[in-house]
Each structure stands twice: as structure tokens, then as C-alpha cells.
Amino acid sequence: MSRNHRLLVKNAKQVVLICNNGEKFLTKDGVQNLCVIENGSVVIGSDGLIKAVGPAETIRVQYADASFDKVIDATGMCVLPGLVDAHTHPVWAGDRVHEFAMKLAGATYMDVHRAGGGIHFTVEHTRAASASNLLALLCSRLVRMQRAGTTLVECKSGYGLELQTEIKMLQVIEEARRSLLINISSTYCGAHAVPKGKTVEEATEDILQVQLPRLKELMSAGKLGVDNIDVFCEQGVFDLSSTRSILQAGKDMGLNINFHGDELHPMNSAQLGAELGALAISHLEEVTDEGIVAMAKAKTAAVLLPTTAYILRLPQPRARDMLDAGVIVALGSDFNPNAYCCSMPVVMHLACVNMRMSMPEALAAATINAAFALGRSRTHGSLEVNKHGDLLVLNAARWEHLIYQLGGHQEVLRYVVIKGKIV
Ligand code: NIG
Ligand code: FE
């Protein structure tokens, strides 16, 4: 093998593959074996894909004649797949630090929303912001996420609630996709709230008759790449029947269903998602037993968001019940002006302490299962030959330090690599 390759990461104390036989997700039993190689190496080719991963000595012999643009000597360190953040709202202007103070003083999320703040506050500022300002804000947030180890991130629109701003947000996401290395899964979330002055019926009509048809045109013309459709299915926001029509219309356009459900009230969102073949449902703090069974059966992933439950002091999502029932559990940061967190290591830490997940469960949830929730687990989420060369090099002798050191990822994360390039 004398070809030139982009990157060799050699002699790592541990290489955590997550899975090595093509699984597209891991449920509770699969997580028992995360496939950790002691003293391993990884080769990433010039196309940015993984060419080899295995025992260091085997790779040394196989690639003895090869050349590499870059070699990382990972002696004493650990290698893990890049993290996947399955739920973020990163395109917005303004912040809501004043609302954080209100919530600390006792106001609930819906108190603030009904008083015209919350999402409505952000909508006002985002409508007024220029695309270039939004792009600069988005890129600075994505860079923070990359630094914290995220290599694939879902990014939602949803602070426009009308055609022009929703498209502006999606175009900004598209632009960021072109200018940064981080992989992006883009989500249309025009049904994030009912715009001021409109009823749910009017808002639904606008989405079905105006926004989605325009999105379809732009997508067919190759001007916009959108992957998923989202709705905030909640009391006082979008009810079950409007959620159903919007998600079905998105699905008919070829979008993956991935929506907010059962967050503040039990809405039977889980059952609806399972019935519609949703790839994923987020939040689920108020999911019922029946909802859990339906999701396990339909292989609809649960994207749990520990930061939101923590900040809003909500009941913790029932991660253990879901894992026991065989649900595919994924994690997301939910980065947004309410939950200002860009760090998946912090999210995993909270998932372990507050939601009682084990560290292997949290890591699988923040890699292969989050990739599955975005329809990307054939290409991302584990260290396997032919997948994207997205990985982390951790300056620690055991991979668990990534979760254990609360807020310590800046110090412990030595390299973040996306498609074989150090970011
Ligand atoms: O996932 N719950 C709805 N949407 C977001 C919050 C968005 C916002 O408050 O700006 C969430 O937590
Ligand atoms: Fe959200």
C-alpha cells in the first residue's frame, strides 16, 4: 500500500469503534459492547473516509510503505468517533439572558411564551437580522460546537414563522454547510410556534399552502438542501391534528420526520410519530408507557435533551424506561436561546447523572444513535471502514474522561478531526 493518505492516528491507548459490524443503531443490549481496541490506529484516506481501523501493529505493517499528509502520535491517548448533536436551534439574533433571570425567579417556559417572550422574542430579532449577520452568528456557534467535539449537527429553522425568514434561515444554514467542515443536517421548523396574530389553523394553512410549496420549488431547483421536517407539538402551540398534516406533507416531499413532542404535556406525540414512520421525536419528558412501546416497535429514535429538562426544571426524560423497552435513545444539546449549551460532553454528563444513563449508553446516544436519528448512520457515528473520517483524540488514558470531566472538554480534547482534517 504505497498510496498517499490524509491522516494516520497511531498507537492510541484505546480506540472506541462504537460498533464494528455495520449496526445502524444500538439499543440497550448492543451498548454492552462498544468495541474498544486497546493500542489501535486509524487511517483516513485523501477522500476523507476511513480506510483502516484496528490494532496498531497490523496497521503499521499494512501501511509500512504509505505516506500521510499528517500523522498524530496518540500514545497514551484515546480515539473516539466524532460526536453527533441531533437537535439544535443555532440560527438566531438577540439573546434571552433576561428571561433566564425570570425563569430562575419562578416563571415557567410557557408563562414567558404566553407573555410574548420566548420564541416570539427571538422571532422578532431574527426577522430583523440580515442574512450575513445570522451567518456570522451561526458560524461562531458551530465553531464552538466543533471545538467541543461535535462533527455532525442538526440545525433547525423556526424563528421566522413566515416564508421569507424561514427561507432566509435555511439559506444561512446552507451557506454554513459550504464554508465549515462540520457536517450539517438541515431541518425546516416553520411550525415552531403560532405567529402572533394568527390562529393554529391559519398558521397551518400558511405552512401547507405557502411555505412548503416554496421550499419544494427551491429544493427541486437544487437551491436548498433540507433534510428533515419538525413541528412543536404542544398544548398552546401545534395540536395533534395540525402536527399530523404538516409532518405528512413534509414526508410527502421526501423530508425525514423529526419533531418536538410530549415535552410539557402528554400529547400522544410518540404514538403519532410512530404511526407516521418518524425517524425521531425529541424531548419526550411527558411520554406515556404506550408511547414508549410504540416508538420501540416503529424504530423511531428518542432524542433526549438533558439541558432543557435541567434549565426548565422539568421532569427528567425517562431514559431508563426507554432503554429497557428497546427504544433507540439519542442525545442532543438543544442549543437555543433558552438552553445555551454547545457542548455534547456536558450533555452526556447530564444524561448520565440526571437521566441515569451509563457512560457507554450516553456515548452511543451521542454518536451512532444520534446519526440514526438524522438518517446518517450509514456514513457517520462510528469508526468503521468507508465511513466519514470524523474522530476525536482525547488526552486521557480512558475514553470515559470525555464525560467524567464536567465542562473539561477544552482541556482534555486534543484534536477534533472532520473528514481527516484537524479543525
Ligand atoms: O426544543 N420546545 C421548543 N423549542 C425549543 C426552544 C426554543 C426556544 O425557546 O427558543 C426547545 O427547547
Ligand atoms: Fe428544540
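Residues are numbered from 1 along each chain as its sequence is written, while chains are lettered from A and ligands numbered from 1 in the order in which they are written. Because the model is predicted, local features need pLDDT of at least 70 and side-chain atom pairs count only at pLDDT 80 or more, whereas totals for chains, interfaces and linings use all residues.

The protein chain is divided into domain 1 (4-80 + 382-422) and domain 2 (83-373), with bounds that come from an automatic or database domain assignment. The C-alpha centres of domain 1 and domain 2 lie 29 Å apart. To the contact between them domain 1 gives 23 residues and domain 2 gives 28 residues, two residues being in contact if their C-beta atoms, placed from the backbone, lie within 7 Å. On the side of domain 1 that touches domain 2, α1 (28-31), α17 (401-404) and β15 each supply at least two residues, and the largest share, three residues, comes from β15; helices (H or I, at least four residues) and strands (E, at least two) are DSSP runs, numbered from the N terminus. By class, this side of domain 1 has 13 nonpolar, four polar and six charged residues, where Ala, Val, Leu, Ile, Met, Phe, Trp, Tyr, Cys and Pro count as nonpolar, Asp, Glu, Lys and Arg as charged, and the others, Gly among them, as polar.

Strand β15 (residues 413-418) also runs antiparallel to strand β14 (residues 391-394), to which four bridges join it; two strands pair if DSSP finds at least two bridges between them. In this pairing Leu-392 stands opposite Val-416 of β15. Strand β16 (residues 421-422) pairs with β15 over two bridges, likewise in the antiparallel sense, and Ile-418 stands opposite Lys-421 of β16. The hairpin of β15 and β16 has two residues between the strands, and Lys-419 takes a positive phi near 45° there.

A further sheet is open and consists of eight strands in the order β6-β7-β8-β9-β10-β11-β12-β13, with parallel pairing. Its edge strands, each of which pairs on one side only, are β6 (83-85) and β13 (329-331). Neighbouring strands of this sheet are turned by 25° against each other on average, direction ignored, the axes being lines fitted to C-alpha atoms. Within the sheet, three bridges join strand β11 (residues 280-283) to strand β12 (residues 301-304) in parallel, and the bridge partner of Ile-281 in β12 is Ala-302.

Around ligand 1 there are 13 residues, of which Ile-119, Phe-232, Thr-308, Asn-336 and Asn-338 come nearest; a residue is near a molecule if its C-beta atom, placed from the backbone, lies within 6 Å of it. The shell around ligand 1 has four nonpolar, seven polar and two charged residues.

Terms used
Axes are lines fitted to C-alpha atoms, for helices over the stretch in contact, and angles run from 0 to 180 degrees between N-to-C directions.
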